[in-house]
Amino acid sequence: MKPTHKAPRLNRSVLVRLFSYFQYNKGLLFLGIVLTILSTISTVVTNGMMAPIVDSVAVYRDYSRFLLYLGVMAVMMVVAASMQYIGLRLLANLAQKTIYRIRQDLNHHLLKLPVRFFDDVAHGDIMSTFTNDIDTLTQTLQSATAQILTATFQFVSTVVMMFVLRWQLTLVVMAFLVITLNLMRFIAQKSSRFYRARQEELGAMNGYMEEMLSAQQVVQLFNQQESAMAAFNARSDQVQDVATKASTYGAILMPLMGNFSYILYAVVAVIGSLFTISGRMTIGALTAFMQYTRTVNHPLSHISQQLNGIFSAVAGAERIFALLDEPVENVDAPVRLQANCEGRQGLCWVVPQEDGSTVTVPVKGYVRFIDVDFGYEPGETVLHDISLYAKPNQKIALVGSTGAGKTTITNLINRFYEITDGTITIDGIPIQQIHKEDLRSIMSMVLQETHLFTETIRENIRFGRLDATDAEVKEAAKRANADNFIRHLADGYDTMISDTHGELSQGKRQLLAIARAAVADPIILILDEATSSVDTRTEKLIAHGMDQLMKDRTTFVIAHRLSTVRDADAIMVLEHGEIVERGNHDELMAQKGRYYRLNMGQEELD
């Protein structure tokens, strides 16, 4: 996804893969091509009617034949225009259906990518693929496909008709066209590199803009508008530079094509006149041949006009397919979840045995880390020899400085990342053996940064469990102490909110996130700084609801406010990826170690 500025080339494998999407609409493709071919041939043959029409008057003085040929020509023009209109409509429909499928595949694939991918790639770059690259591809498929097909068949049929009229003159035309095609190839090689670079630079700039737009408060708070503008200008200059070069090479094609067509027309007129004077060619044939000479360049001109769009579209398609080729998260594993059992909420794990039989293990929510090591990158260990145990109705608190590894531990439980060494088990089963979707279905997380969707409050809470009834949604809101402020809104639970606008305070948004976790009725609950954005009064308000939410669940709590973890069954103090102290509040205070010093104000969490 990062700019590479590859060597200029028209990636044939990308084109093959792109046009392979047409296979899903073979009927539209076949009928559109057939009608395009027939309309093109009809148009070329119609131009050929110029020979008998002119000869019927200039040579034979037969006006009845003139009117007959003129009528035939008019009918053929109507038929050709009708078939062309229908063919273009079919091909336009084909292009839209193709883009629809590509967009669906892209979105479906993104939902399957691991969290690690989104850590490494700028969100703005991904958005650029969904917007700029898809839009460029849409415009090209919608216009270029039909025009290139039409131009190709028009060129072939025109050359055939020219050979029929006078092959010697046709050879002269072909010689000029060879020169023209070589020029087109040279310019195309130059422009393709810059169109690819333009798409890559646009993606990089969009990534930067996405970052800046989300950080406007920070930028203005520290008066960094000028540095932000300078950084934007630098990226904008890069886009302008490559876009200018791409457009310049693209603009050269048309003047060159035009000048060569004028020279060719003059040469053919002189040679054709000599053939006519010597009686080797009729006036009508010369007229028709001159008409073909004027039009034989048109297909090449149309193709050259589309080359800019094609190179830009191929560059966008490369980025789209690069995203589609990103390896998806492997969710498959032998252990699956089964309902109507004797475990919590009637759930149990179905564990396959070596002899082909299965054993059911009741879902309880026992979580165990055994000598776990982990690093985001090879050779860089973030967690060292982590061992801990949590059981239902227990509250395990993780305390430590920023970067100590608290959030990393919770991310390993739901397999956002895979451990480097050691074992993590749930109900005695290694989590690598549990199907990821089933594993995550028994968990809920409330993160420090809340995310709400552009939907009603009701649907935002229901996102935790889509089959939740309205009554269950309200009950979850009550448990999170969110029901009171929701009912005081103008539209209550039907109030529309979004993630980007400030309809609600950060504290209220956090309450909704807690309610969303509550409606999911999880067996394992993870609260990652869940009350960090809530003031002390609101924190006390939701304390009772949180206690109800954590009842009978295995709960992991990450907190900077030590007052929120005093009642935890076990407190793990982490530093530099290691558990340096463990015990309940009284035990840790008695040890007079790091936890004691933090509580007494002798030290502060970084």
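**Close-up views of a predicted model**

**View 1. Pairing of Thr425 with Pro430.** The bridge partner of Thr425 is Pro430 in S8. Strand S7 (residues 421–426) and S8 run antiparallel and are joined by two bridges; strands pair if DSSP finds at least two bridges between them. Both belong to an open, antiparallel sheet of four strands in the order S5-S4-S7-S8. Its edge strands, S5 (383–390) and S8 (429–430), each pair on one side only. Strands (E, at least two residues) and helices (H or I, at least four) are DSSP runs, numbered from the N terminus.

The model is predicted: local features need pLDDT of at least 70 and side-chain atom pairs pLDDT 80 or more, whereas totals for chains, interfaces and linings use all residues. Residues are numbered from 1 along each chain as its sequence is written, and side-chain values use heavy atoms, without hydrogens and water.

**View 2. The largest nonpolar core.** This core has 60 residues, and Leu137, Val173, Ile320 and Phe321 have the most contacts inside it. Its largest share, 17 residues, comes from H10. A nonpolar core joins buried Ala, Val, Leu, Ile, Met, Phe, Trp, Tyr and Cys residues through side-chain atoms within 4.5 Å; buried means under 20% relative accessible area, exposed over 50%, partly exposed in between (1.4 Å probe, protein chains only).

**View 3. Surroundings of Ile320.** Not counting residues up to four places away in sequence, Ile320 touches Ile102, Leu106, Thr129, Asp133, Ile134 and Leu137 (contact: heavy atoms within 4.5 Å). A second, separate core of 41 residues includes Val446, Ala482, Leu512 and Ala568.

**View 4. Val164 in helix H6.** Val164 lies in helix H6 and counts as exposed because its relative accessibility is 62%.
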